[in-house]
Amino acid sequence: MFGGGGMNPRKMKQMMKQMGIDVTEIDANEVVVKTDDEDLVFDAPQVTRMDAQGEMTYQIVGEPESVEPSAGGTAGAVESAEGGEEVEAEAGIPEDDIEIVAQRAGVPASDAREALEAEDGDLAAAIARLE
């Protein structure tokens with residue numbers, strides 16, 4: 001980032017702090033980058049978040065595995081555990097994401113789901129929309 005080649009990491013951290021850049025390591029298990037052509041899945045990546053003047057930047061270090069793109073928000077029929085009837089399920093919005101948005105924004109799960117669908121599954125954008 002700064003081309004600090006042989007600079008002392010402690011001094012680099014101090015300089016960044018003076019410039020108003022806050023660096024945080026994130027303990028991530030997996031990162032998925034979705035594109036139209038493929039999904040890039042990083043298992044056990046090193047993730048760093050930098051906050052510089054209110055702008056968040058994320059750096060992902062690791063070797064991705066390329067996989068076929070997921071369904072991405074299309075509804076599909078799934079068989080319920082009881083009775084065998086089919087019910088519509090949102091394939092693209094994980095229940096965990098809905099719970100996170102509902103909890104953070106203080107809204108019912110149905111509102112959280114609508115916001116996530118409107119923001120194409122973007123958690124931060126869905127929370128911002130509801131606040």
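## Pairing of strands E4 and E5

Two strands are taken to pair if DSSP finds at least two bridges between them. In this predicted model, strand E4, residues 46–52, and strand E5, residues 55–61, pair in the antiparallel sense, and seven bridges link them. Within that pairing, Met 50 stands opposite Thr 57 in E5, while Gln 46 has Val 61 of E5 opposite to it.

The two strands form a hairpin with two residues between them, and Gln 53, which lies in the turn, has a positive phi of about 55 degrees. As background to that value, most residues other than glycine have a negative phi.

## The chain as a whole

Four helices and eight strands make up the secondary structure of the chain, and, read along the sequence, these elements follow the pattern α-β-β-β-β-β-β-β-β-α-α-α. Of the 131 residues of the chain, 18% count as buried, and the accessible surface of the chain comes to about 9700 Å², with 47% of that area belonging to carbon and sulfur atoms. When contacts between residues at least 6 apart in sequence are considered, 30% of them join residues at least 24 apart.

Strand E3, residues 39–43, pairs with E6 in the antiparallel sense over four bridges, and among the residues involved is Leu 40, whose bridge partner in E6 is Ser 66.

## Packing of helices H2 and H4

Two packed helices are described by the angle between their axes and the distance between the axes. For helix H2, residues 95–105, and helix H4, residues 123–130, the angle is about 35 degrees and the axes are 9 Å apart, and H2 passes H4 in a right-handed crossing.

On the H2 side, the contact is made by Asp 97, Val 101, Arg 104 and Ala 105, which meet Leu 123, Ala 126, Ile 127 and Leu 130 on the H4 side. The residues of this contact divide into six nonpolar, two charged and no polar.

Pro 69 has its place in the loop between E6 and strand E7, residues 75–79. Because its relative accessibility is 32%, Pro 69 counts as partly exposed, a class that lies between the limits of 20% and 50% relative accessible area.

Leaving aside its neighbours within four places in sequence, Pro 69 is in contact with Thr 35, Asp 36, Asp 37, Glu 38 and Asp 39.

## Positive phi in two loops

Ala 44 is found in the loop between E3 and E4, and its phi is near 50 degrees, a positive value in a residue other than glycine. Ala 44 counts as exposed because its relative accessibility is 64%, whereas the limit for that class is over 50%.

Asp 120 is found in the loop between helix H3, residues 109–118, and H4, and the phi of Asp 120 is near 55 degrees, again a positive value in a residue other than glycine. With a relative accessible area of 73%, Asp 120 is therefore exposed.

How values were computed
Residues numbered from 1 in each chain as written. Predicted model: local features only at pLDDT ≥ 70, side-chain atom pairs only at ≥ 80, totals over all residues. Heavy atoms only, no water. Axes fitted to C-alpha atoms, helices over the stretch in contact; angles between N-to-C directions. Left-handed = near helix turned anticlockwise from the far one by under 90°. Contact = heavy atoms within 4.5 Å. Nonpolar A, V, L, I, M, F, W, Y, C, P; charged D, E, K, R; others polar. Buried < 20%, exposed > 50% of the residue type's maximum accessible area, 1.4 Å probe, protein only. Areas by Shrake-Rupley, 256 points an atom, 1.4 Å probe, with all protein chains shown as cover.
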